[in-house]
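Here is a short note to read alongside the model. Please keep the coordinates open while going through the points.

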Amino acid sequence: QVQLVESGGGLVQAGGSLGLSCAASGRSFSGYTMAWFRQAPGKEREFVAAISKSGGSTVYADSVKGRFTISRDNAKNTVYLQMNSLEPEDTAVYYCAAGQPVVPSRRENYDYWGQGTQVTVSS
């Protein structure tokens, strides 16, 4: 079992940057694929980015590709999401997830979720 706690959310102007962190506790952090999802009001939770166990492979949603960067530090049991060139459409609650997905972008393949952190981008 692993527990996940997100931090770093807040209010930022369009075009600005924000960095999120997800601290994990429990067994075998390095044994999990880690991902970020987000959910805007009235919308379904959508995939943002995922990173492999070693950090050697990443995948991004088309909507954030080139603007967001996911990374992890297994020594610190932490996964990060650096968000640049933020747009109002990025406004959402951002969730950290851990699992053993065959398809990284599918929500059902993640076993553990954080509580979420709010990101608001003003125009």
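Buried means under 20% relative accessible area, exposed over 50%, and partly exposed in between, with a 1.4 Å probe and protein chains only.

1. **Basis.** This is a predicted model: local features need pLDDT of at least 70, side-chain atom pairs count only at pLDDT 80 or more, and totals for chains, interfaces and linings use all residues. Residues are numbered from 1 along each chain as its sequence is written, and side-chain values use heavy atoms, with hydrogens and water left out.

2. **An exposed salt bridge.** A salt bridge here is a side-chain nitrogen of Lys or Arg within 4 Å of a carboxyl oxygen of Asp or Glu. Lys 65 and Asp 62 form one through their side chains, at 3.4 Å from N to O. Both Lys 65 and Asp 62 are exposed. The whole structure holds five salt bridges. Side chains of opposite charge can pair when their charged atoms come close.

3. **The salt-bridge network.** Arg 38, Glu 46, Arg 67 and Asp 90 are linked in a network of salt bridges. Arg 38 meets Glu 46, with the closest N and O atoms 2.7 Å apart. Arg 38 also meets Asp 90, here with the closest N and O atoms 2.9 Å apart. Strands (E, at least two residues) and helices (H or I, at least four) are DSSP runs, numbered from the N terminus.

4. Arg 38 has a relative accessible area of 5%, so Arg 38 is buried. Asp 90 is buried too, at 1%. Glu 46 is partly exposed, with 36%.

5. **Aromatic pairs.** Rings of Phe, Tyr and Trp (its six-membered ring) pair if their centres lie within 6.5 Å; planes under 30 degrees apart count as stacked, over 60 as edge-to-face and the rest as tilted. The structure holds five aromatic pairs. Phe 37 and Phe 47 are edge-to-face because their planes stand at 75°, with ring centres 5.6 Å apart. This pair links distant parts of the chain: Phe 37 sits in strand S4 (residues 33-39) and Phe 47 in strand S5 (residues 46-51), 10 residues apart. Phe 37 is buried at 0% relative accessible area. Phe 47 counts as buried at 13%.

6. Tyr 110 counts as buried, at 5% relative accessibility. Trp 113 is partly exposed, at 29%. Ring pairs link Phe 37, Phe 47, Tyr 110 and Trp 113 into a cluster.

7. **Charge over rings.** The criterion is NZ of Lys or CZ of Arg within 6 Å of the ring centre and within 35 degrees of the ring normal. Arg 45 lies over the face of Tyr 95, 3.6 Å from the ring centre. The charged end of Arg 45 also sits over the ring of Trp 113, 5.1 Å from its centre.

8. **Val 93.** This residue lies in strand S9 (residues 92-99). Which residues does Val 93 contact, leaving aside its neighbours within four places in sequence? They are Phe 37, Arg 38, Gln 39, Gly 116, Thr 117 and Gln 118. Contact means heavy atoms within 4.5 Å. The C-alpha atoms of Val 93 and Gln 39 are separated by 5.2 Å, although the two lie 54 residues apart along the chain.

9. **The open sheet.** Four strands form an open sheet in the order S1-S3-S8-S7, with antiparallel pairing. Strands S1 (2-7) and S7 (68-73) are the edges, each pairing on one side only. The twist averages 15° from one strand to the next; axes are lines fitted to C-alpha atoms, for helices over the stretch in contact, and angles run from 0 to 180 degrees between N-to-C directions. Two strands pair if DSSP finds at least two bridges between them.

10. **The S7-S8 hairpin.** S7 and S8 form a hairpin with four residues between them, and Asn 77 in the turn has a positive phi of about 55°. Six bridges join S7 to S8 (residues 78-83), which run antiparallel. Arg 72 has Val 79 as its bridge partner in S8. For Asp 73, the partner in S8 is Thr 78. The covered face of S7 carries Phe 68, Ile 70 and Arg 72, while Thr 69, Ser 71 and Asp 73 make up the uncovered one.
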